Amino acid sequence: MDTLYINDIRAYGYTGAFAEENVLGQWFRVDLAVDLNLSEAGTSDQLSDTYNYADAVQAIQQLIQQQPFHLIESVVSEIARTVLQSDDRLIQVTVKLTKLTPPVPNFAGNVAVEITRDRSHLNGTSPRPLTVSNMAAAPD
């Protein structure tokens, strides 16, 4: 199995447990590793024989920008699902989502979640993105 890394994907989104995060938004960074067989691409030199990471970058940015959740765990799970659905050749994906400036007093660091999912993840349920009517309600 081979691994293709796509790092430092950035997008501005509105995910967060605090109402201010859902309104003001913040920057997120995604690092992605997709596992697939790259041997054909290594000999053919054809884009069609590998994973088109430009499409992955665009899909991830769109998801972060347009689908807010309360928890970054939900976002990272949806990113994994989106990437796995994009190409049947993908065996497994590892996604690291970093909230670059979490609104925590006296904390100058960042917070990240990393998950690894295989194609069985596609059989699970998806969390419901926030809408105007449920943005203020904090998760249980």
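I am working on a predicted model, where local features need pLDDT of at least 70, side-chain atom pairs count only at pLDDT 80 or more, and totals for chains, interfaces and linings use all residues. Residues are numbered from 1 along each chain as its sequence is written, and side-chain values use heavy atoms, with hydrogens and water left out.

**Salt bridges**

I looked up the pairing of Glu21 and Lys99. Their side chains meet in a salt bridge at 2.8 Å, N to O. My rule is a side-chain nitrogen of Lys or Arg within 4 Å of a carboxyl oxygen of Asp or Glu. The pair links distant parts of the chain, 78 residues apart: Glu21 sits in helix α1 (residues 19-24) and Lys99 in strand β3. I took helices (H or I, at least four residues) and strands (E, at least two) as DSSP runs, numbered from the N terminus. I count five salt bridges by this rule.

Next I checked Glu78 and Arg81. Both lie in helix α4, three residues apart, about one turn of the helix. Glu78 is buried at 8% relative accessibility, and Arg81 is buried at 6%. Ser126 is in contact (heavy atoms within 4.5 Å) with both Glu78 and Arg81, leaving aside neighbours within four places in sequence. Ser126 itself is partly exposed at 40%.

I also found Asp87 and Arg89 joined by a salt bridge at 2.7 Å, N to O. Asp87 is buried at 12%, while Arg89 is partly exposed at 38%.

**Asp35**

Asp35 lies in strand β2. It is buried yet has no salt bridge; the nearest side chain of opposite charge, Arg119, is 11 Å away. For charge I counted Lys and Arg as positive and Asp and Glu as negative, leaving out His and the chain ends. The side chain of Asp35 does make a polar contact with the side chain of Thr3, at 2.7 Å. That term means N or O atoms within 3.5 Å, one able to donate a hydrogen and the other to accept it within protein; residues adjacent in sequence count only if both atoms are side-chain atoms.

**Helix α3**

I listed the buried residues of α3: Ala56, Ile60, Leu63 and Ile64. Seen down the axis, they fall within an arc of 95° (directions from the helix axis to the C-beta atoms), so they line one face of the helix. On the other side, Gln58 and Gln66 are exposed.

How values were computed. Buried < 20%, exposed > 50% of the residue type's maximum accessible area, 1.4 Å probe, protein only.
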